[in-house]
Amino acid sequence: MINMKNKSIDFWILTGTLSLFALVNLLFFLLGRLSFSWEGIGTMIAAGLTLAIYSFLYKDNPTFKVVENLYVGVALGYTVIITWFNALKPDLYDPLLVPLFTGKHAQYLLLVPMFLGIFMLLRFTRRLVWLSRLTFAFVIGLGAGVTIPNYIHTFILKQLEPSMRPVFYGGETLLPSINTLLILLGVISVLIYFFFSVEHKGPVGWLSRIGIWFLMISFGASFGYTVMGRMSLLIGRVIFLMRDWLGVIQ
Amino acid sequence: MTFQYFVPHPYSKAFLELMTRWDRIIAGFAVFIGVYSLFHLHWTRIRRKAAGWGYSIFVFLGAFITIAFGLYNGGEAFWHDKKEGTMFDWLFLYIQVPAGATIFSILAFFMASAAYRTFRARTVESTVLLLAAIIVMLGRVPVGALISQYIPLAADWIMGVPNMAAKRGILLGVSLGAIATSIKIILGVERQYLGGGD
Amino acid sequence: MQRLLNIDRRIIFAAVGLAVIASLIIKFSLPVPASPPVQRIYDKIESLPVGAHLLISFDYDPSSKEELQPMALALLHHSFRKGLKVIGMTHNPSGTGLAEQAMNSVASLYQKKYKEDYVFLGYKPGGASLIMNMGEDIHTAFLKDFYGNDTTMLPALEGVESLKDIDYLIDLAAGVTIETWIAFGKEKYQFEMGAGCTAVIGPDMYPYLDSRQINGLMAGLKGAAEYETLAECKAQAFKGMLPQSVTHCLVVLFVLFGNVVFFISGGFRSKRRQSR
């Protein structure tokens with residue numbers, strides 16, 4: 001009985017919201033706030049989609065799910081088309097396939113990545129899946145090869161360098177020296193915390209406990225920044241609704 | 001490619017240029033693996049009439065319309081250069097942009113709710129986490145300086161000293177892991193990427 | 001007391017929503033002083049001569065647009081006003097539309113011409129490979145720009161053969177591209193680099209800031225607001241700082257109130273007993 005009543009309330013909330021949305025937009029079009037153009041219609045649709053997604057905050061509903069799935073579809077379609085126009089067309093179609101079929105000088109060397117690319121897609125077949133291994137061997141091998149020297153230089157040596165700064169340069173205040181020591185302690189203790197080959201007992205245990213403290217502070221900072229980021233996204237959407245659609249703020 | 005790094009000869013550099021060019025062309029095909037996987041997932045849902053299968057139709061609808069307008073390219077067809085201001089661009093600006101931006105902004109509400117309901121100072125460690133979060137949240141917005149001039153300074157210190165040290169520790173650990181995996185791949189110890197396991 | 005902890009979460013949602021709406025309506029602005037990492041990016045751009053090449057990598061998509069698009073717009077305002085040649089590109093296919101919109105809209109305000117004063121190279125997949133390809137030869141990495149023009153014929157790219165010829169690079173990132181740019185671009189081809197990122201990944205960037213692998217950092221909408229203030233083009237990010245402050249205070253109050261109620265209601269004691 002209660003469920004029926006809730007459904008009825010939800011139906012009226014949905015109908016009421018949709019009617020209000022239609023009425024507001026009709027008024028905006030009549031008053032000239034929204035122009036009868038693709039831009040005006042676009043703003044109306046964008047506002048509608050924004051509100052439809054926020055309807056999830058009341059409860060999960062079909063409007064939200066429709067928009068969510070539509071978004072996935074459009075994003076997918078956009079990626080495919082942009083990949084064609086920005087990558088495959090200028091890198092393969094124009095320099096290789098067009099000259100090949102028009103009798104002009106083609107860059108034949110591009111046949112190699114083209115076939116390796118096609119082989120990759122054969123991963124979904126049963127009989128030719130072995131060909132995709134050639135591509136994966138090339139891509140992963142290349143990745144591994146360039147990772148080793150570049151990572152050692154960038155993320156190991158260059159990161160160790162500032163951790164081993166001299167504590168006293170001479171003439172500075174005490175605080176930077178303490179900070180330098182704290183950074184060194186933090187880096188070592190966090191590394192020890194993640195080092196599971198040695199039992200965390202005695203001095204190692206103490207250091208790993210200090211590592212937990214450093215990690216907790218950094219997780220707290222990350223939480224604070226995550227709140228900041230999510231709120232910024234919300235603020236941006238509310239600004240869109242209030243400025244671009246409703247026009248109540250400048 | 002590892003040895004190439006140490007050989008700055010023009011031939012070596014030309015080899016790197018060629019290999020990276022091939023690699024990024026192959027990466028263009030990889031996009032279609034992702035597309036196939038997603039289509040396959042939603043097609044299976046529709047075929048099996050799984051719960052909420054009707055919504056999966058909208059994935060195909062959105063993708064079909066966007067791809068169709070993309071290929072139509074404002075009347076110039078897809079083998080010509082991309083035209084500006086077409087219906088394809090409109091779909092991006094007025095459907096993908098607002099929907100994408102809004103979906104992720106919903107998390108703002110859930111974070112506020114989680115802050116109220118589950119963020120508890122139960123242990124010393126969680127109290128440290130909570131205090132760091134509060135100082136950073138206040139210190140990173142203009143109002144923090146209005147409450148006390150020390151709050152932004154404390155936030156700066158947290159970010160630049162303990163947070164930086166912990167993040168550097170994690171970075172060193174992750175990088176060493178990536179290097180070790182790369183060596184295992186080159187030596188043939190790690191072969192899972194080829195499929196079928198070891 | 002327990003009932004207070006179990007209130008309908010929609011009340012909390014409504015409080016957050018109302019806080020944002022109310023603080024946007026109120027005509028009151030807070031001072032946004034620039035932090036040193038943001039100031040360094042501004043100073044670097046300020047120090048570049050007219051005609052210097054600035055590469056902006058728009059590595060984000062609509063899901064982080066509200067944080068990074070204001071940053072991109074502020075940077076473009078400053079760069080075009082300074083007379084820099086701006087080169088745009090992206091590692092994210094969904095970043096193309098946003099980058100194109102940002103570059104064209106700001107360029108038109110300063111009467112900047114496409115091809116001569118700025119170019120948009122568009123999207124290419126490949127990540128690290130793309131960066132190394134650009135490091136060896138930018139014209140084979142991008143044979144054509146976003147609009148299909150031959151990149152060897154673009155006046156804005158005159159004097160730019162590879163990443164080594166870039167005077168300054170800024171990566172606006174929502175993912176791991178800053179790390180990729182540092183490892184396979186900045187360190188390998190030796191150019192100066194700054195970064196802007198979403199607040200979520202902001203704390204992870206501090207090791208690079210400390211090691212000077214990036215000379216400056218703009219994190220989140222606050223970073224964008226600081227840059228807007230410095231570049232004297234206050235817009236959306238600056239406007240967002242009051243609601244940002246209010247919502248942060250609200251979340252802090254939620255945390256404090258939730259904990260106080262939890263302690264008073266004896267939740268702390270019962271948990272400890274359980275753990276014993």
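**Entry 1: the sheet of chain C**

I began with β1(C) and β4(C), which pair in the parallel sense over 6 bridges. I count two strands as paired if DSSP finds at least two bridges between them. Strands here are DSSP runs of E, at least two residues, and helices are runs of H or I, at least four residues; both are numbered from the N terminus. In this pair, C:Leu55 stands opposite C:Leu169 in β4(C).

A note on the source: this is a predicted model, where local features need pLDDT of at least 70, side-chain atom pairs count only at pLDDT 80 or more, and totals for chains, interfaces and linings use all residues. Residues are numbered from 1 along each chain as its sequence is written, and chains are lettered from A and ligands numbered from 1 in the order in which they are written.

I then followed the whole sheet. It is open, has 6 strands with parallel pairing, and runs β3-β2-β1-β4-β5-β6 in chain C. The edges are β3 (118-123) and β6 (217-219), each of which pairs on one side only. From one strand to the next the twist averages 15°.

β1 (residues 53-59) of chain C joins β2(C) through 5 bridges, and the two run parallel. There C:His53 has C:Lys85 as its bridge partner. C:Asp171 stands opposite C:Ala195 in β5(C).

I checked burial next. A residue is buried if 20 or more other C-beta atoms lie within 10 Å of its own, exposed if 12 or fewer, and partly exposed in between, with C-beta atoms placed from the backbone.

Strand β2 (residues 85-90) of chain C has 6 of its 6 residues buried, so it is largely enclosed by the rest of the structure. C:Lys85, C:Ile87 and C:Met89 point one way, and C:Val86, C:Gly88 and C:Thr90 point the other way.

In β5 (residues 193-197) of chain C, 5 of 5 residues are buried. C:Met193, C:Ala195 and C:Cys197 lie on one side, C:Gly194 and C:Gly196 on the other.

I also looked at helix α10 (residues 220-230) of chain C. It is largely enclosed by the rest of the structure, because 11 of its 11 residues are buried. Among them are C:Lys222, C:Glu226 and C:Glu228. After α10(C) comes C:Glu232, whose phi is positive, near 55°.

One more helix: α5 (residues 95-109) of chain C lies across β1, β2 and β3 of chain C, at about 170° to β3(C). Axes are lines fitted to C-alpha atoms, for helices over the stretch in contact, and angles run from 0 to 180 degrees between N-to-C directions.

**Entry 2: chain B against chain C**

I moved on to the interfaces. Here 47 residues of chain B are in contact with 48 residues of chain C. Contact means that the C-beta atoms of two residues, placed from the backbone, lie within 7 Å. On the chain B side, α2(B) gives the largest share, 11 residues. That side divides into 26 nonpolar, 7 polar and 14 charged residues. Ala, Val, Leu, Ile, Met, Phe, Trp, Tyr, Cys and Pro count as nonpolar, Asp, Glu, Lys and Arg as charged, and the others, Gly among them, as polar.

I picked out one helix pair. The axes of α5(B) and α2 (residues 9-25) of chain C come within 9 Å and cross at roughly 120°. The two helices are therefore oblique to each other. Under 35 degrees would be roughly parallel, over 145 roughly antiparallel, 65 to 115 roughly perpendicular, and the rest is oblique. From α5(B), B:Ala108, B:Phe109, B:Ala112, B:Ser113 and B:Tyr116 meet C:Arg9, C:Ile12, C:Phe13 and C:Val16 in α2(C). By class, I read 7 nonpolar, 1 polar and 1 charged residues.

**Entry 3: chain A against chain B**

This contact takes 93 residues from chain A and 86 from chain B. On the chain A side, α3(A) gives the largest share, 24 residues. The classes there are 65 nonpolar, 21 polar and 7 charged residues.

Last, I looked up A:Ser218, found in helix α7 of chain A. Buried or exposed? A:Ser218 is buried, with 28 other C-beta atoms within 10 Å. Not counting residues up to four places away in sequence, A:Ser218 touches B:Pro162, B:Asn163, B:Ala166, B:Lys167 and C:Pro203.
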